[in-house]
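The sequence and the structure come first.

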Amino acid sequence: DFNASPWSAPVSQIIDQTNLQHAGKGFGLTPTWHWDVPIINSPIDYILTSDHWETATYKVGEDVGSDHLPVIAEIVLSR
């Protein structure tokens, strides 16, 4: 839970400084906050991985009683 979009300046800085990548890249926009209000929903929960991992699946889960929806991913070791 970064509470910031993946393209925000602080998150971009973390990604640049750590050489991590957004595991959901290529899986579309995945809003997790204010998910029940489409005009303001935001993708502020996501997973960062190193280049040793590949994302097989990446999706937003169902409501679990929080104001954020869960992120569900299957991450596999790169070959």
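In this predicted model, Ser5 touches Val11, Pro43, Ile44 and Tyr46, leaving aside residues up to four places away in sequence. Ser5 sits in the segment before H1. Its relative accessibility is 16%, so Ser5 counts as buried, the limit being under 20%.

In soluble globular proteins, nonpolar side chains tend to be buried together.

The structure holds 2 aromatic pairs. Phe2 and Tyr46 form a stacked pair, with 4.8 Å from centre to centre and 10° between the planes. Phe2 lies in the segment before helix H1 (9–18), and Tyr46 in the loop between strand E1 (21–22) and strand E2 (48–49), so this pair ties together parts that are 44 residues apart in sequence. Phe2 counts as partly exposed because its relative accessibility is 32%. Tyr46, at 7%, counts as buried.

The other pair is formed by Phe27 and Tyr58; the ring centres are 6.0 Å apart and the planes are at 40°, so the pair is tilted. Phe27 is in the loop between E1 and E2, while Tyr58 belongs to strand E3 (residues 53–60); the two are 31 residues apart, and the pair links distant parts of the chain. Phe27 has 34% relative accessibility and counts as partly exposed, whereas Tyr58, at 6%, counts as buried.

| Residue | Relative accessibility | Class |
|---|---|---|
| Phe2 | 32% | partly exposed |
| Tyr46 | 7% | buried |
| Phe27 | 34% | partly exposed |
| Tyr58 | 6% | buried |

Which residues make the nonpolar surface patch of about 290 Å²? The patch is made by Val37, Ile39 and Ile40. Val37 lies in the loop between E1 and E2, the loop that also holds Phe27 and Tyr46. With a relative accessible area of 31%, Val37 is partly exposed.

Key:
Residues numbered from 1 in each chain as written. Predicted model: local features only at pLDDT ≥ 70, side-chain atom pairs only at ≥ 80, totals over all residues. Heavy atoms only, no water. Phe/Tyr/Trp six-rings, centres within 6.5 Å; stacked < 30°, edge-to-face > 60°. Helix = DSSP H or I, 4+ residues; strand = E, 2+ residues; numbered from the N terminus. Buried < 20%, exposed > 50% of the residue type's maximum accessible area, 1.4 Å probe, protein only. Patch = residues over 30% accessible without salt bridge, like charges linked within 9 Å, V, L, I, M, F, W, Y side chains within 5 Å. Areas by Shrake-Rupley, 256 points an atom, 1.4 Å probe, with all protein chains shown as cover. Salt bridge = Lys/Arg side-chain N within 4 Å of Asp/Glu carboxyl O. Contact = heavy atoms within 4.5 Å.
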